[in-house]
Amino acid sequence: MSYLDYKVAETPRGFRKLLALNWPLVFLLAAVASAGFLMLYSVAGGNIDTWARPQMERFAVGMVLMIGLGFVPIWFWRGISVGAYIVCVLLLVAVDVIGHVGMGAQRWLDLGPIKLQPSELMKVALVLLLAAYYDWLDLNKVSRPLWVLIPVLLILLPTALVLQQPDLGTSLLLLMGGAIVMFAAGVSLWYFAAVIGAGVGLVWTVLESRGQSWQLLHDYQFRRIDTFLDPSQDPLGAGYNITQAQIALGSGGWSGRGFMQGTQSRLNFLPEKQTDFIFTTLAEEFGFVGAGTLLALYALIIGFCLYSALTNRDRFASLLTIGIAGTFFLFFSINMGMVMGLLPVVGVPLPLVSYGGTAMMILLMAFGMVQSAHVHRPR
Amino acid sequence: MRKSPKDIVDSARIISRRGVMLGVIQAAVIGTLGMRLRSMQVEHADEFRLLSDGNSIKIRLLPPARGLIHDRNGVVIAGNEQNYRATITRELAGDVEQVIAKLRHLVPMTDAEAAAILENIAKRSAITPVSIGDHLSWTEFSSIAVNAPALPGVQPESVLSRVYPRNGDFSHVLGYVGRVSDYDLSKMENPDPVLMLPEFQFGKVGAESKLEGILRGKAGTRKVEVNAAGREMRELSRQEGQQGATVQMTLDAGLQNYAVQRLGEESAAAVVIDVTNGDIMSIVSNPGFDPNLFVRGISAADYKALMEHDHRPLADKSVQGIYPPGSTFKMVTLLAALESGLVNEGTRYYCNGALDVAGRKFHCWSRGGHGSVGAVESLMKSCDVYYYELARAIGVDRIAEMARKLGIGVEHDLPMSAVATGIAPDRAWKKERFDKPWVVGDSLNASIGQGFVLASPLQLAVMTARVATGRDVKPRLVRAIDGVPVSVAPFADLGLSPKNLRTAQRGMDAVMNAPGGTAGKSRIVAEQWRMAGKTGTSQVRNITAAERARGVTRNDQLPWNRRDHALFVCYAPYEAPKYAVSVIVEHGGGGSAVAAPIARDILLYALSGGVPPLSAYPAGQRDQIEEMHRNMRLITPMAGNTSGRTRA
C-alpha cells in the first residue's frame, strides 16, 4: 500500500532486477556454503557422495530459488503473510497429530519424497507476519499493551506447539526470532526488561521443579543442563558429545591440523559430525584462522542485511530483513555457543554448513525474500 | 490506509535506532564467540591437543555386576558367575585372519565358528572389540594371556555372566538376560554407554527386563595408558562401578520347585498368593525352559525344539495366557447377584437339566438336572441352570462390574512381560468390539465363565484371594530392594456385604467338605488347614455333529489339543485365609479330576512350609501321595536355606 507512495516506476523491471540484487550477500552465502561442502567431504572420509554432493545439489537449487524469489515484488510477501502463518500453524498441529517420531521427538510430516518439518517453515512465516503486522500498525500504538499482546500471542502459539513436540531448540529460536522483530519495530524497552526478568524467574522455577511431581522438563533435558554445567562429571555418558567437541575444537590450534587430518572426527570420536557438530571439525582442521574466518563471514552476512534494512525506507521490508537476518544470527550463534561449551546442547544446526536439505532450502528461500526487499526498495 | 510522510520518516528513525542497537548486541555476541574461540584455540590449544593426542590415554568402562535376585528366604535364584573370554579389536590386530589362525592352536574351534567370528569382525567397526570365545576354560584363558604378545588385538578378560541356579523353575517370572542387540539400542533414547560394551547383558524379558533399571547398577571407569599397538601398559586411575541392587522377590524357591514338579508333564500354570499381603509365593507356567541356554546364546536346534513343542514352553501361561474361567467364575456371578439385592441367599431355582431362553436350550452339565437349588448348593454342585437364572435376573453389566472388582478384566501391575488384562465383557464392550448388540444368550454364557469371559491364572488367584478376604488384594512380586522392604498399604475393603461374602465362601467350602461337593475327593482333612475351592472346566470347542456320529461322546475320546481345560481355584485355612491358589491344566479334561488335586497339593505345601504331612490327606490317598513325593527330586526345604550356589 505504502508502495504506491513511492516511485514504483523506478524499481528495476525484468532482468534488470538481476543487477539490483544484493550481490555481496549472494557471494557471502556461497562462500559459507562452500566451507560446508569442504567439511562434509572431509567428515565423510574423503567421499563426496555421502554428504557433499547431495548438499551441493540442494544448494544449487536453493540458490536459483533465492534469486527467483528475489524477483518477486516485496508487496507479494506482505500479501501472503497471514495465510502463510495460518498454514504453518495448521501444519504444526498436523505434526502433533500424525507426525513421525524421530530421536524421541515428533517433528516431521512424511509427504512421500520429502519429510516436511513445519517448525522450519514457521520461523520464516512468523517473521513475515510480524513484519506485516508492524507495517500495518499505527506507529504511536506500537507500545500500547493491547497492541503488544497481539504479537506476543502470535509468537507464543507456534512456540507452544513446537515445545509440545518436544523441540526445545526450535521453540527458543521462534521466541527469540519474534522478539527481534518486535525489538526492531520499536516496542518499548521496558517490555523486554520485564520479559528478561520473568525469564530469569522462570528458569529458577524450572530448576526448582526437578524431582517434584510437577517437573517441567524431561529427565534427559535436566541431564543436559547438568552436563552443561559440568561436562567432566560424566565424560563417557551424557557429557561425551560436548567433551569430545571441545577437544576437537581446542586441539585445532592456530592453523589447524590440515584438511582431512582431524583425528577426532576421523576416529569417530565426534558425535553427529555432519550435522550439529560440524563446526568442531572445521575448527579442528583449519584452526583459529579457519573458524575465525567462518565467524567473520557470518558477521558480514548479518552486516550486509542490517545495512540493507536500515537504508530501506519501507517498514515491512526493513523488519522482514532484520527478522530473517536475526533468525540466521540466532542459528549460528547458538550452534557455535553450543559446541564451544557456552550454551547447553539444544540441537540447532549450523546454517548452510550442517548437512540437511530442507533446512537449507528454507533458509535460502528466506534470503530470497531479503533479496526481494533489497531489489524493490523505494528509491 | 495511506501513510503520511511524517510516519515514514518516524518509522525509519525508529528502525534505524533499534537496528543499530541490535547490530551492537549481535556484534557483542559475535565478539564473545570470537574470544571464546581464541581462548580455546590459541591460549589453551596445547591442553586440548594433549587430550586429543591422548589416544595413548583411554577411558575404559568397567561393567557393573548385575544385581542378584533372591527368593523370599534369601536363596539366590539369579546370580552371577565368572566368565573367562577373549575379544579381538580389528584396528589393533592388523591381519585378523592370521591372528585367528594362531588362536585356533590355543582354543579349539570349528571352521564354521572361525568363519562366523571373521564375519562378525568385518561387520563391526574397526575399534569395537568383538568376542572370539565365551565361557573358556581356565587353561584356554591362561594360554591366551601367556601368548598375548603373539596375538595383537586379542584381549583376554574375565567378566561376570548371569546364571540361573534353579534352571527352569523361574523361567517365565524372571525371564532372562541376553546381549544388547542393535534393535534394542535403536529403541532407546540416550542409551547408557555401558550397553555398547561387547556382550554386555541386559534383561530381555520378565522381571529381568522390567527391573532392569534396578538390577543394572552403575558402570565404573578406568583410565589406562596404551602403547602404539593398543596394548594396555598401565592403569592410571580407577573408579569402581556400583553393583546393581539385590532384589528380593516374594517368591519361595522351595514352593516354586514343588509346584513345577507337581505340574509334571502337563501344559499348565499355577499361582499361589498370600492373601494377607498380596505376595506371590509361586507363579509357574509349565513346561518351562532353561534360561541359562538363552544367556549363553541358544543353539538353533534347542530353539527349534522349544518353538515346536506342542506344550509351548516359551509362552507364559500364568499371566499372559487367558482362558475361559468356566465354573470358577461362578463366585463372581453369585456375588454380583447377591449384591444387586434382586436375589438373596434364600433364592431357589429349579434345575431340570436345561433352560429354554430365546428359543435356545442352555444345558446344565448335569443332564438329569439338580432339582431345586439354593445359593450355597449351586456352588457346591456347580449347577449351571442356577447361574443362567441369576444372569437373566441381574443382566451382564452387574456381572462384569463384579468381575472387575474381583480382579478379572483389569490389569495387575507386576514386573513380568505381557501381563494380560483378560476380558470382563459387558454391553459396551461387545458393541465396541463386534459392533453387535448384547443378547441374553451372551449373558447366560458369561454367567458360567464361558463365551466372551477370559481370565489369566493370575487373575483367578487374585479373584480367589479377594473372595476369601473381602479385601482389594493386590498381587506383588518384589519384597525388598537392597534389604529395604517394599511397603504395602493395608488392602482396602471391597465394600461387599459380609453376609453375601460368607454365602460365597460357604459355597466354596461345601465344594470341598460337604457330601456331594464336586471336589470332595481333593479335600484337606487336617482341620486347621480346612480348604475351600471351586472347580471349573472350560470348553475349548464343542464336540461336533460329525464326531458324535463317529461315536465320540466324551471329552477324553478327543485328541489332546481339543480337550477341555481343567481349572481349580482354592484357598485355606477356611476360617483365617492365608493362601489362595489357582491352577489351570490345558486340555486336562475336568477341573475336579485333574486340576483340584494339583492345587490342593501345592496349597498344602505352602501351608505346611515344606513337604506336607500325610495326615493332611484323605486316608485313601496317602500311599499314592507318599509314592509321588518319593519320586520327586525336590531341591530345598522351604525355609532356613539362605545360601546360594553362586554370588557376585
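Trainee: In this predicted model, is B:Glu586 buried or exposed?

Mentor: Residues under 20% relative accessible area are classed as buried. B:Glu586 has a relative accessibility of 4%, so this residue counts as buried.

Trainee: With which residue does the side chain of B:Glu586 meet in a salt bridge?

Mentor: Side chains of opposite charge can pair when their charged atoms come close. Here the partner of B:Glu586 is B:Arg312, with an N to O distance of 2.6 Å. The two residues are 274 apart in chain B, and their pair links distant parts of the chain. B:Glu586 lies in the loop between strand E21 (579–585) and helix H23 (591–608), while B:Arg312 lies in the loop between helix H13 (300–308) and helix H14 (330–340). B:Arg312 has 40% relative accessibility and therefore counts as partly exposed.

Trainee: How many salt bridges does the structure hold over all chains?

Mentor: The total over all chains is 37.

Trainee: Which residues form salt bridges with B:Asp472?

Mentor: One is B:Arg466, whose closest N and O atoms to B:Asp472 are 3.2 Å apart. Another is B:Lys474, where the corresponding separation is 2.7 Å. Both B:Arg466 and B:Asp472 are buried; for B:Asp472 the relative accessibility is 18%. B:Lys474, by contrast, is partly exposed, at 45% relative accessible area.

Trainee: Which residues do salt bridges with shared partners join into one network?

Mentor: The network consists of B:Arg66, B:Arg162, B:Glu208, B:Glu212 and B:Arg216.

Trainee: Turning to chain A, which elements give two or more residues to the nonpolar patch?

Mentor: A patch of this kind is assembled from nonpolar side chains on residues with over 30% relative accessible area. In chain A, the patch covers about 800 Å², and its members include A:Leu146, A:Ile150, A:Leu163 and A:Met176. The elements in question are helix H6 (145–163) and helix H7 (168–185). Helix H6 supplies the largest share, six residues.

Trainee: What do the overall values say about chain A?

Mentor: Chain A contains 14 helices and three strands, and 54% of its 379 residues count as buried. Its accessible surface comes to about 15600 Å², with 69% belonging to carbon and sulfur atoms. Of the contacts between residues at least 6 apart in sequence, 72% join residues at least 24 apart.

Definitions and conventions: Residues numbered from 1 in each chain as written. Chains lettered and ligands numbered in written order. Predicted model: local features only at pLDDT ≥ 70, side-chain atom pairs only at ≥ 80, totals over all residues. Heavy atoms only, no water. Helix = DSSP H or I, 4+ residues; strand = E, 2+ residues; numbered from the N terminus. Buried < 20%, exposed > 50% of the residue type's maximum accessible area, 1.4 Å probe, protein only. Contact = heavy atoms within 4.5 Å. Areas by Shrake-Rupley, 256 points an atom, 1.4 Å probe, with all protein chains shown as cover. Salt bridge = Lys/Arg side-chain N within 4 Å of Asp/Glu carboxyl O. Patch = residues over 30% accessible without salt bridge, like charges linked within 9 Å, V, L, I, M, F, W, Y side chains within 5 Å.
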